[in-house]
Amino acid sequence: MNQTLQELDYKKVFQYFSEISAVPRGSGHNTAISNYLVEYAEKKGLSHRQDEHENVVMIKEATPGYENAPALILQGHMDMVCEKTNDCTHDFGKEGIELFVDGDNIHADRTTLGGDDGIALAYILALFDDDTLQHPRLEAVITTDEETGMDGAIGLDVSDLKAKILLNIDSEEEGILLTSSAGGLTATCELPVKRMKENGLKVVIAISDLKGGHSGAEIHKNHVNATKLMARLLFELKEAMDFHLAELSGGLKDNAIPRDSKAEIVIEEDEYERFSDIIGGLSRKYKNEYVTNEPDLTIGVMKGEEDEYRVLHPTSFEKLLFILLNTPNGVQNMSSDIPGLVESSLNLGIFHMEQEKAVICFSVRSSVNSYKEFIAKQLRYICEFMGGEFFIRGQYPAWEYKKDSLLRDYLSRVYEEEYKKEPKLEAIHAGLECSFFAEKIPGIDMVSLGPDMWDIHTPKERLSISSTVRVYKYLEKVIEGMKNL
């Protein structure tokens, strides 16, 4: 354990965070950390189980006087996102995370820290370890592979859980109590295309240096989707001159707003000067339109060779362009319950072409399940109308806002007593495991919280030491006061 952390430790929170960090636990590789949790439960004599998905459930019965207090689920996930800088040789499969202290922050060496969601595990183990804490029945539910599809929560059996209230410890800002999250799905359209041979000059058009961002957290910021902008460019270029499309691509992840897009077209060689003039005009127009939200927008052109190329048949190009131009994208509805919250959105995240088909992947999100399904139907309608095949995968439900929540009101009261100010009650346009607990345990009352963390899922990830301690003390107050809930 880092010497500074040892000196700053409170109720073994950082001791357990250090132990957890020493265990390799990237998504899809849960065995070691799952077994660590089982060994902890056995050492403490706790009732526990480890299921086929490697989820771990631990129970600590109520202390005297709390037998009639409502049972509480403490929930987090054991896996972490494994990212590192290009010059880092860390092996996430074999090596744990070494912790470093810089002032009030804990960070790793050029890798993700795993505070998301290692701090939840540290809190839970510290709370279960504290025999001086007065508490109701505590049910720890620690799931696997939250970061890659919530497979652990999907497969979790809740039949032995008694609690009807749950604290999800998977948020990254102290003082904010999350009260709902969006549901989502990944939709894929596969459009068959025909190709033909065409002689001419190949030209590459590249759109780059857009801001991009997470399609849940940043969809409301009006960042330009590079693939959608390329579709517009090709459409307007097509109005001005003839050309053939050979290749088109954009985006790397369905849940990330594409920052870059590239098209390869074939034109008559003597049309290159005219082509350059047209692209120059379009570039100036787009830069003027997006001068505020995309100040670094770059549209570049690279002249290739004159040769024979396999290009899209004109009918295939028309169908593809129609889909790219006319599928909805971005914010669709704002919430009527929570001012400023995006209710529903979608993101055209990945586009690539193969020899016989074009593949378009969308990330769809909504805090209203029925509207999420409607957006998917829109996409299916357009895709199938153009002769494509439509698939849905990775679907997860929304955690819908509960208008009357005893837990939310109670947490707010305790927060005001502890911090002398009101907490912020917010919702997020991204997915949390709470959505599956809402489906599995009818009527469950839930809130998500956590200490301050920054730049999660990146090598710049940091966890605040002081905030971690404050939130732990807040949890102690919440748990000890539940006899009066």
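**Ground rules.** I number residues from 1 along each chain as its sequence is written, and side-chain values use heavy atoms, with hydrogens and water left out. In this predicted model, local features need pLDDT of at least 70 and side-chain atom pairs count only at pLDDT 80 or more, while totals for chains, interfaces and linings use all residues.

**Helix pair.** I began with α6 (residues 226–240) and α7 (residues 272–289). Helices here are DSSP runs of H or I, at least four residues, and strands are runs of E, at least two, numbered from the N terminus. The two axes come within 11 Å and cross at roughly 135°. Axes are lines fitted to C-alpha atoms over the stretch in contact, with angles from 0 to 180 degrees between N-to-C directions. I therefore noted α6 and α7 as oblique to each other. Angles under 35 degrees count as roughly parallel, over 145 as roughly antiparallel, 65 to 115 as roughly perpendicular and the rest as oblique.

Next I listed who meets whom. Residues of α6 including L229, L233 and L237 meet residues of α7, among them F275, I278 and L282. Contact means heavy atoms within 4.5 Å. By class, I found 9 nonpolar, no polar and 5 charged residues. Nonpolar covers Ala, Val, Leu, Ile, Met, Phe, Trp, Tyr, Cys and Pro; charged covers Asp, Glu, Lys and Arg; the others, Gly among them, are polar.

**N168.** I found N168 in strand β7 (residues 165–168). N168 is buried, at a relative accessible area of 0%. Buried means under 20%, exposed over 50%, partly exposed in between (1.4 Å probe, protein chains only). The N168 side chain makes a polar contact with the side chain of S448, at 2.6 Å. A polar atom of that N168 side chain also lies 3.3 Å from the backbone nitrogen of D170. A polar contact is a pair of N or O atoms within 3.5 Å; within protein, one must be able to donate a hydrogen and the other to accept it, and residues adjacent in sequence count only if both atoms are side-chain atoms.

**E172.** I then moved to the loop between β7 and β8 (176–181), where E172 sits. E172 is partly exposed, at 27% relative accessible area. E172 and W454 are 282 residues apart in sequence, yet 7.3 Å apart in space, C-alpha to C-alpha.

**Backbone.** I logged a cis peptide bond between D116 and D117, with omega about 10°. K420, not a glycine, has a positive phi near 65°.
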